[in-house]
Amino acid sequence: MFDLESEVPPLPPKYRFKDLLLGDQNLRNEDRVQVEFFPNECTFKGRLKLFFIKNQRSSLRIRVFDFSLKVLSCVLYMYRVLAEDPAKEHGWSSIIWVERSFFIWVLQVFVAIICLFETLLATYLSCKGSIWEQILQFKFILEMVNTVPFLISIISVPLRNLFIPVFLNCWLAKKSLEIMINDFHRATQRTQSAMFYQVVILISTLFCLIFTCICGFQHLERAGEKKLTVFDSWYFCIVTFSTVGFGDVTPSVWPSKLLVIIMISVALVVLPMQFEQMAYLWMESQKSGGNYSRRRAESEKHVVLCVRSLKIDLLMDFLNEFYAHPELQEHYVIILCATEMDPQVRRVLHIPLWSQRVMYLQGSALKDKDLIRAKLDNANGCFILSSRCEVDRTAADHQTILRAWAVKDFAPKCPIYVQILMPENKFHVKFADHVVCEDEFKYAMLALNCICPATSTFITLLVHTSQGLEGSQSPVQWHQTYGTCSGNEVYNIALMDSVFFSEYIGKSFTYTSFHAQKKYGVCLIGVRCKDSKSILLNPGPQFRMSPSDTCFYINVTKEEESTFKTQRTRLSVIADMGNVAVDLQDREIQPSSGPTLCLPPEDIKSSGRRPSMDSVLGVPDPSFLHAGDLNSDQSEDETLPSNKDQSTEKHMKGYPPNLPYIGSSATLCHLLKDKVPFCCLRLEKGCQHNNFEDAKAYSFKNKPIIVSAETAGNGLYNFIVPLRASYRLRKDLNPIVLLLDNKPGTPFLEAICWFPLVYYMVGSIANLDDLLRCGVSFAANVVVVDKESTMSAEEDYMADAKTIVNVQTLFRLFSSLRIITELTHPANMRFMQFRAKDCYSLALSQLEKKERETGSNMAFMFRLPFAAGRIFSIGMLDTLLYQSFVKDYMISIIRLLLGLDTTPGSGFLCCIQISEEDLWIRTYGRLYQKLSSTVGDVPIGIYRTESQTEDSLEAQLSVCAGMSATTGDFDDLKEQKGGAPPAASGGLHRSSTSSDPSDIKAPLLRRKSVQWAQKLNRRGPRGDQRGAHKGSKRSLRTRRSERQELSELVNNRMKSLGLSSSTHDDVKADQSTQSHSYVLINPPPETRLELNDMVYVIRPDPLGFIPVAVDTTDSLGSKTSLGEPAQTETPL
C-alpha cells in the first residue's frame, strides 16, 4: 500500500489551500482534453433529423400534419369535381383540361408547395447513400406528379386549368397513416395488437382502391357520350368490386375500360395478400388469446389462472369448483398459460357456457406485457398452479416460485393463491395469501388413513362443493345416504348474526355444538375469537361463547341460504334437560376400565326401557377440569404396574430437534431421549447393536405400517409426525417401516432418528422378498406412494400403470391386507382391485357414467376403493385452493384436522369404534350427547362398513340389475308396489324415532330390498340370470384354487427366506365375506349406529383440560373408546 501511494506525484509548490478551493486560473490546459458526445446531432442536419424523425412526439405531430395535407388535397379535388358545370360540352379535350376556380387553384397551389417542401426535406434527411435511390421511389415520383404542375401553373396562366390527378394523394395519405400509427406507439409507449394494425391497413387499402377507381372512372368518362356523376361512378365501382355486375352503368370509352382492368388486376393482387396477412394474424391471435380490455377489467370482476401447461382435467376441476359458488357467477377467468392451447381445452372453451366466461391467453407470468394483457393489476385474485406431472418436481417448484415473485412484483395488492409441490420450497412463497403444499397434505392424509380409516375420503368430500344430489337416482340405499351426506361443507358466521348459535351466548362450546346439532342438524367444529387470527377446533367445554366469536360449522348449506320453519314433531331420541328425570342417587361417578361406552344399568336393560344421557352442561364445572401436564401421558394410566415397561424410560414428549425443512410446524411428539444410531434404522441389515434382518425378528407388539416410496423426501416427515403425535397412546404406536427404492440421505435420517419405532429398508414393492422382509404378511396397513419418476407419460393416464399393476399383484397375494394407494389421475381408481367379472363393480361403473352425465363434480365418489378410503389422488385436493378464494379459512381448518398445524387449545381428529356393547346408545344424536357430556368430544361423521357374504350373491346380482335399470322402470316399479322401494340396511333410517323393534330389523329390510330387485330383474331372460349365477359360482371356485396357489407361493418364499409362514395363514382362510365401506359426514341425529361403525370425533386439546371422571383408554391408537361408569345412567 505504501508503494502505491508513493507513485502519486506530489502537488506543485504553487498550490495552496486557497487554490484548491478557488482553482487556478493560470493552470495550463495542455493536459486536458474536452470530449464531445453525439457530435452528429449538433450539426444542422442532425438537429433537423432529431426534430423530424428521431424525436417521437415531434415526429408524430409532423406525420399528423402531413396526413392532414394529403386528405385536404383529396377533399379539394372532390370539391372541384362537384363544382363543375354538368351542361358543359364533352370531348377528348375535357380529359386534359378541367374547369378550376381561382380560389380552388390558390388552395391547391398552397398545399402543393407545402407538400413539395416537406417531401424534399424528408428526402434530404433520410438520404444515406445515393440520392437516386430516394428520387426513384414511388412515393417521391407520385409527390412530384401532384405538386410540380401546380408550381408551373404559377408562371404559366393557361396551365391553371390543366388536369392534375390529385386524388392519387390518397395513397400518400395511407403511407402517412401507417407511419403515424408507429410513431404513436413509440410516443405513448403503448402497443396495440398486430391484428388492429393489419385491419387498419386493409381498410385503408380498400378505401384507396375504391376512391382511385371512382375519381379515375368519373374523369375518363367525361370523354364519353354521357357524363357520369360521382355517385354513378361510386355505384359502378361497388357493383364491379363486389362481382355483382348489373350492367346498367358501363364504361363507354377505352381509357375508362383500361382503368377498370388495371384496378381489378391490382385489387386481385393486393387484397388477397392483405387478407392472407390478416388471416395469419388472426390465427396467431387465437393461439395467443388476444388481450383482455382495460374497460372490461375496470367494469367486471376477473381472476387470473397462471399455469405452465393446461390439461382438460385441471381446467374442468377449476371451473366446476370456482363457479359452484353463487357469488362467483359474475366473475371472469383469464387463463395465462405458457404453452399453446390443447385441442381438448379449445373444444371445451368453445362451449357457450364457458366461452362467455373464460379467456385463454398464451403468455408467461414472467413477462410484464403478458400480465398487462391479462390486466393482473385489476384482478381479484391470481391462482398459480404447479405442474405435478413433471419428472423434476424441484424444477417445477422453482418455476412456480418465479411466477409468484413476478406476480407480486407486478401487482402487489392482488391476492395470490399458490400451489407448491415440495415442502422445502414453501418458505419462498410465504408472502402469498394462501399456499397449499402437496407433499405436506398428501403424506399427512395418508398417515391419518392408517389410524382413522378413510380420512382422505372424508377430507376430499368436505372440500368439494356439492348439493348432495349424487346418488339420488340410485335404487341402492347406501348410495343415497352416502351421496346426501357428501353435500356437507364447512361454513362460517359471526355468532351475534347467527340463528343457529346466537341463543347460546355465554354457554360452553360443547353445549352449543350439541344443541345446534340437535335442533338444526349443524355441526359446530371450531371457533375464532375476535382478537385472534387462530382457529380453535373444539376448544372444549371450558370455552365460553362470546358474541364477537366467529363460528365454523359443517352443514349442507350456509345459514344465509337457509329458511327456518317451526313445526311440532314427535319426541326426539336425544334426551333434553327439560324432559329427563335425573336420579340424583345414581350420580356418583365410578371409574371403570372397560373398553366400551358407558353401559346402562342391568335393571334398565332387563326392563326394556330406554336409558337417558347425562345433560351437556351449559357452563363448565371447574371441578371437572384441570390443566394437563406436558411430560405425562394423560391417555394412559402409568401408575398401574401392567403399563410399566423398560421402553417407557427411554421415551419422552417434546418437539423434534431436527426439522427437515424451513417452515415445518413444531408438533409435540413421542420422542426418544437418545437418538437411534443410523445403523439401527436399517431394518433388513444387522449391526453391532442388533442382528435382526427382517420385521418378524423385532417382535413388534403392534402391527407395522409399511410405506412404499421412491425417495425419502422431506414430505415423508409429515407422514411420521401425525403417527407420533403426543396425543396418541404410547402403548399403541404402530411401527413404521419405510420401503424406499433409493437409500435416504443423512439429513432425513437425522430428522427421523429421534422417533421411536421408525425404520427404513431399501427395496421395491415389486419384489416379493422385500415385502416379506419388511413384514407385509402381518402389517396393519401398506401405503403405496406414487413414484415421481412415473408421473409423466406420453399417453394420458398411463402414469399410474406401474403403481396399479404392483398394487393389484399385492392385493392378489395378500387379499386381507389393507392397502392405501396414491394415484396421479383420479380416473384410474376404477382399475384398483379390478375384477373383470364382478357384476357389482360393473354396475358402479354405470352409475359413475350417469353421475358424470348429470354434471356431478364427484362422479368417482361411488367407486368402492375411494368410498372405503383405499385410494387417494392429490389432484382431488386442488379444490381446497380454489375454495380458499371464497372461504379463506378452509386451508387452516384442514391443516388443523390433519395435524400439520398445532394451535394451543385446539383439538385434533381421531375416531371411536362402536362395539356390540355400545349399541344401546342406538342413534348418532345420543352418541353426540354422550361424548359432549363426558369427554367433550365433538363427532363429525361416521365411517360405516357393510358386509356381504357369498350367500347374498344372488341378491347382489339383483341389486346390480336394479342399478342398471332406467329411471322410468324404477318409477313404474314404485307405482306397482304402491310406494318407494324399502331401504337397505346401513342407510339413514328417518323413522328411527319409533320404538317398535321391528323397524330396525336389518334382515327384514334386506329381504324386502332383494325381493324388489328380483322383481325388477325378472324383466330380463331368466336363462341369462341362471347362467350368470352358475358362472359366478364356477368363477368363485376358480378363485379359491387360484388363491391357494398364491398362498403356497408366498409360503415357499417365506420358508426360503427363513421366515415363519404362520403369519400368512390368513391367506388360506376362506375369503367368503365381502364388504363395502363409505363415509357419512355430519349425519342426522336420528341415524342408527351399527356394529363396527367408526365415528370421527374432534377431541379437545389434552393439555388444555382433562376430564378426570371418565377413563379415556384407547384400544387401537386413534380408535378410542370411553370408560364404563355404569352408575351414571338414569332411566327415563
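Start by selecting helix 10 and helix 11, which are oblique to each other; oblique is what remains once angles under 35 degrees (roughly parallel), over 145 (roughly antiparallel) and 65 to 115 (roughly perpendicular) are set aside. You are looking at a predicted model, where local features need pLDDT of at least 70, side-chain atom pairs count only at pLDDT 80 or more, and totals for chains, interfaces and linings use all residues. Residues are numbered from 1 along each chain as its sequence is written, and side-chain values use heavy atoms, with hydrogens and water left out.

**First stop: a helix pair**

Highlight residues 194-220 for helix 10 and residues 230-241 for helix 11; they pack at an angle of about 130°, and their axes lie 9 Å apart. Helices here are DSSP runs of H or I with at least four residues, strands are E runs of at least two, and both are numbered from the N terminus. The axes are lines fitted to C-alpha atoms over the stretch in contact, with angles running from 0 to 180 degrees between N-to-C directions.

Now show the side chains at the contact (heavy atoms within 4.5 Å). From helix 10, pick I210, C213, I214, F217 and Q218; from helix 11, pick V230, S233, W234, F236, C237, I238 and F241. Colour this contact by class and you get ten nonpolar, two polar and no charged residues. In that scheme Ala, Val, Leu, Ile, Met, Phe, Trp, Tyr, Cys and Pro are nonpolar, Asp, Glu, Lys and Arg are charged, and the others, Gly among them, are polar.

**Second stop: cysteines**

How many disulfides are there? The count is zero, a disulfide being a pair of cysteine sulfur atoms within 2.5 Å. Select C208, which is in no disulfide: its nearest cysteine sulfur belongs to C170, 4.2 Å away. C208 is buried at 3% relative accessibility, where buried means under 20% relative accessible area, exposed over 50% and partly exposed in between (1.4 Å probe, protein chains only).

Go to G471, in the loop between helix 20 (455-462) and helix 21 (477-485). Is G471 buried or exposed? It is buried, at 0% relative accessibility. Beyond its neighbours within four places in sequence, G471 touches H479, Q480, E851 and F862. Draw a C-alpha to C-alpha line from G471 to T481: they are ten residues apart in sequence and 8.0 Å apart in space.

**Last stop: zoom out**

The protein chain has 38 helices and 24 strands, and 51% of its 1132 residues are buried.
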